[in-house]
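Subject: Structure handover and notes

Dear colleague,

I am passing on the structure below, followed by notes on what was found in it. Please read them with the model open beside you.

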Amino acid sequence: MKKLCMYLMAALMLLAVGCGGSEQPKNERADKGEIVISVGKYMVGEGFDPTAGWGLWGPDPFHSALMGHDRDNNLVKELATEVKQSPDGMQYVFTLRDDAKFSDGTPVTAEDVVFTYETAKAAGGAVDLTALASARVLSNTQVEFTLTKPWSVFLETAASLGIVPKHAYKEGYAAAPIGSGPWKVVSFQKEQQLIMEPNEYYYGEKPKLKKVTVLNLGDDAVLAAAQSGQVDLIFAPPEFAGASVPHMNLVLMDSIDSFCINLPQVPEHDENGVLIGNNVTSDPAIRRALNIGIDRKTIIDNGLGGFAKPTMNFAEALAWANDDLQEPDNRVDEAKQILEDAGWKDTDGDGIREKNGVKAEFVINGRANDLQRYNTAVALADDAKKLGINIIAKSTPWSEARKVARNIPTTWAFGDYTPQALYNYFHSSQIGVNVINNPAVYHNPTVDMHIDKAMAATLNEEALREFKAAQWDGVTGPKVDLPYLWIATVQVPYFVSDRLDIGTLHVGERGQGMGILANIDEWQWK
């Protein structure tokens with residue numbers, strides 16, 4: 001890792017022109033229409049293959065999808081010019097624009113669309129196409145999808161899956177993608193550097209910048225690079241956001257990502273050799289006391305540097321989020337009374353309540369490669385002490401944390417444009433489907449019913465109504481069951497050169513820092 005940082009810093013020195021000081025330094029990059037940025041490691045991570053999940057948790061500058069999202073996160077047509085849905089919701093016919101080309105100049109056709117969807121479905125990865133029965137070419141610019149059942153979120157899926165070229169898709173595609181988006185990959189060194197330039201064949205308005213270099217800089221190097229003027233924009237970890245950076249402004253991007261802790265709903269038991277459930281969080285009194293007793297603002301200040309907004313549900317920017325779940329917190333006395341009434345008492349004076357020989361104590365795994373999530377768990381643990389609940393925050397590799405999440409709570413970042421998130425995280429049929437879905441082991445027949453109705457709806461208004469009812473219908477649901485302890489909707493801090501105009505930011509996906517790239521087409525030097 002030290003050698004990698006030295007290599008990157010050397011590369012930065014070659015790119016650098018001038019350094020920070022009292023006077024505005026000369027910047028040859030601005031004269032050339034070029035920028036150097038660092039936006040976390042995922043933009044220079046495993047590569048850029050949409051069929052393997054690239055683009056699901058952050059912007060994809062390289063590929064166009066059939067659908068997209070506007071600045072207000074509403075669905076809009078992208079490659080599609082027309083969408084026809086059958087009355088029963090089982091078929092969709094997309095008509096494609098005829099001027100879309102891949103970055104090698106080859107036209108985008110219906111055959112490429114079918115190939116993309118069949119490849120993603122066969123991969124069985126992060127792109128959920130389980131409801132897709134078939135994809136069929138009707139003409140060069142028309143494709144028909146047939147579903148196994150009505151699936152109201154199919155258009156959202158169509159907005160998340162970038163189209164790849166059948167003629168050029170091969171082993172190693174992720175490192176050298178050929179998409180029809182506004183940008184193309186010029187050079188990519190995994191976990192080190194990405195160079196991207198405008199796609200001259202892009203059908204829409206061309207990006208204003210001529211070249212973007214993306215570097216993977218560790219926390220120990222990124223601030224120094226910004227202070228010395230070697231980069232023009234960086235994702236700033238909250239602990240660094242209070243630093244002084246010459247000729248750069250602190251910019252906050254609102255996001256749709258909300259941090260929460262899954263609270264397994266059932267007692268601990270062995271299920272085919274795997275521990276499921278938790279003997280403390282399975283008690284509704286524990287879940288209710290935490291939900292109303294913690295002080296989210298204090299947790300945000302201590303764990304996230306103040307860069308977040310308190311929440312008790314998905315981000316309010318999502319049209320399908322039900323705001324009725326919000327209520328006042330930091331009601332300490334009320335929370336303590338709930339615990340007392342349920343039999344959780346501190347009988348030995350150690351500050352931790354117990355009930356029937358079980359301590360009100362449990363572990364929360366914070367993701368080791370996401371300091372914000374771990375710091376949130378630490379701040380929550382500190383705040384929960386006032387209730388007599390002892391939370392032990394651990395920094396755990398994500399590959400391990402998600403495997404044991406149905407037993408040991410973990411810190412999640414739930415942020416999806418699609419309301420299928422409700423199906424994935426709340427529907428009882430998703431328990432055990434994989435290590436990510438329904439980690440709270442949540443089972444509520446009424447919630448299942450609302451979600452089923454929403455997924456089968458053929459009208460958007462009906463689907464939206466049922467998705468909101470699944471969160472709270474006035475009688476039952478997550479508001480009283482509390483399968484997740486929501487903490488905050490994250491704001492993402494960046495340092496941006498005061499000469500760089502980044503336009504109007506979207507309320508976007510955090511993307512571990514790369515969410516700001518959603519509107520990179522608008523960026524330009526002043």
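I begin with helix 12 (residues 445-456) and helix 13 (residues 460-471), whose axes come within 8 Å and cross at roughly 160°. Here axes are lines fitted to C-alpha atoms, for helices over the stretch in contact, and angles run from 0 to 180 degrees between N-to-C directions. Helix 12 is therefore roughly antiparallel to helix 13, on a scale where angles under 35 degrees count as roughly parallel, over 145 as roughly antiparallel, 65 to 115 as roughly perpendicular and the rest as oblique. Their crossing is left-handed, a term used if the near helix is turned anticlockwise from the far one by less than a right angle, with right-handed used if clockwise.

Before going further, please note that this is a predicted model, in which local features need pLDDT of at least 70 and side-chain atom pairs count only at pLDDT 80 or more, while totals for chains, interfaces and linings use all residues. Residues are numbered from 1 along each chain as its sequence is written, and side-chain values use heavy atoms, with hydrogens and water left out. Helices (H or I, at least four residues) and strands (E, at least two) are DSSP runs, numbered from the N terminus.

On the helix 12 side, the residues that meet helix 13 include His 450, Ile 451 and Met 455, and among their counterparts in helix 13 are Glu 466 and Phe 467, where contact means heavy atoms within 4.5 Å. By class, this contact of helix 12 with helix 13 has eight nonpolar, one polar and two charged residues, with Ala, Val, Leu, Ile, Met, Phe, Trp, Tyr, Cys and Pro counted as nonpolar, Asp, Glu, Lys and Arg as charged, and the others, Gly among them, as polar.

A second pair is formed by helix 7 (residues 296-304) and helix 9 (residues 371-384), whose axes come within 8 Å and cross at roughly 135°, so helix 7 is oblique to helix 9. The crossing of helix 7 and helix 9 is right-handed, and their contact has four nonpolar, six polar and one charged residues.

Turning to the strands, strand 6 (residues 132-139) and strand 7 (residues 142-147) pair in the antiparallel sense over six bridges, pairing being assigned if DSSP finds at least two bridges between two strands. Ala 135 has Phe 145 in strand 7 as its bridge partner, and a hairpin through two residues joins strand 6 to strand 7.

Best regards
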